[in-house]
Amino acid sequence: MEKRRELWIDAAKGLSIIFVVMGHSGEGMANHYLSWFRMPMFFLLSGMVFKPIVPEKYTGWAVKRTRGLMTPYVAYGLLIAAIVLLYTLNIKGFIESIARLAYGGLSLTGPYGVFWFITCLLFTQLFFGFITRFNLKVQISVITSCYLLAHLISLTSLKNFNLPWNIDVALLAITYYAVGYYGKKAIPALIGLKASLPVLLPLTAAAFYLDSTGVISYSLNMKYKEYDALFLDLAIPLLVSLSICSAVFWLSKLVPLKWLGDLGRNTIAIMYLHLPINYALKFLLDTDYGLVPFTLIGVGVPLLVAIVIGRSPLLATMYLGHNGKSRPAVRYGDQAAVRAGVSAGE
């Protein structure tokens, strides 16, 4: 049976990747507020489509999941490093780039700046997939311990220790992932209430207002382990994420959001390519063209690339993490979707 996808989940992921690109444009204020929720929201949405793994099948699933995420990681990394090498003819720099890609984490900067997310997502999924074999009490205990340990690391000198592949950031990410998984029924029910948006949006606006006026001082940067507010690091990202999900859910009932869903199904190409493409253009044009052009280029060009390479099973496997076959998105509540279930966008 063909796997079906939720339109509003794909659309929410599409909106998230736009926020990621905007945050990397160099606009400090935009990055400050977008960093509150853009990565937590990705983990939450990923958790919503996660399916428990039978212990006997865990090893095979883990291998498949690792291959699906790390094949594009290697392919894009080598591609970017090779292009830089062709331009600079700097063999030493090429070798150093390969070494940084192998180690990952805080070592990745410049055009490789977002690669940390993929390895963090991989460890989050592998770890969560492993603990689902235990009863709910054990799962909650482990996840709570991870959340507390993540904040302990952030508040001590351990914050500056660069673990390979940002493994320690997965301690925080698994909490957002778990909220999505445990809330896969409650979240659609909540955002589907007519009263949800009128409540969530003012609360979100209040959080932004309180920060902008100095009543609270909140920041969140998962890559650099800047999360030192034990309560707010859970409350604010989830509040904003739910507000966005609710807005997208209701908007999908009023206007066609297929284009946004298409973005959500091609986040991997946009994630990897928006920085190197913009860096290259800025260098060639010798100008900093600001938030809007950066976002349009960072989203539009990689999307076109994804559409083209998606026609080749080999290139799709290498750069998109799947064989290129499309799976249609459906509106929430469609009977076909309810029967087929929600599947992960792999």
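A crossing of two helices is left-handed if the near helix is turned anticlockwise from the far one by less than a right angle, and right-handed if clockwise. Helix 7 passes helix 8 in a left-handed crossing. Helices here are DSSP runs of H or I with at least four residues, numbered from the N terminus.

Before going further, a word on the model: it is predicted, local features need pLDDT of at least 70, side-chain atom pairs count only at pLDDT 80 or more, and totals for chains, interfaces and linings use all residues. Residues are numbered from 1 along each chain as its sequence is written, and side-chain values use heavy atoms, with hydrogens and water left out.

Let's stay with helix 7 (residues 136–154). Its axis lies 7 Å from that of helix 8, at an angle of about 145°; axes are lines fitted to C-alpha atoms over the stretch in contact, and angles run from 0 to 180 degrees between N-to-C directions. Contact means heavy atoms within 4.5 Å, and among the residues that meet are I140, I143 and Y147 in helix 7 and L171, I174 and A178 in helix 8. By class, this contact has 13 nonpolar, three polar and no charged residues. Ala, Val, Leu, Ile, Met, Phe, Trp, Tyr, Cys and Pro count as nonpolar, Asp, Glu, Lys and Arg as charged, and the others, Gly among them, as polar.

Helix 8 (residues 170–182) also packs with helix 6 (residues 115–131), where the axes come within 9 Å and cross at roughly 60°. The two are therefore oblique to each other, given that angles under 35 degrees count as roughly parallel, over 145 as roughly antiparallel, 65 to 115 as roughly perpendicular and the rest as oblique. Helix 6 passes helix 8 in a right-handed crossing. The contact includes F123, F127 and F128 of helix 6 and Y177, Y181 and Y182 of helix 8.

Among the residues in contact are W8 and K13 of helix 1, and R38 and F42 of helix 3. Here the classes are 11 nonpolar, two polar and two charged.

Finally, the second largest pocket has a volume of about 590 Å³. A pocket is an open set of points on a 1 Å grid over the protein atoms alone, where a 1.4 Å probe fits, with protein on both sides within 12 Å along at least five of seven lines; lining residues have an atom within 4 Å of a point. The volume is the space filled by probe spheres set on the points, which are joined across faces, edges and corners. Of its 26 lining residues, I80, I83, V84, P276 and A280 lie nearest the centre. Helix 4 gives the largest share, nine residues.
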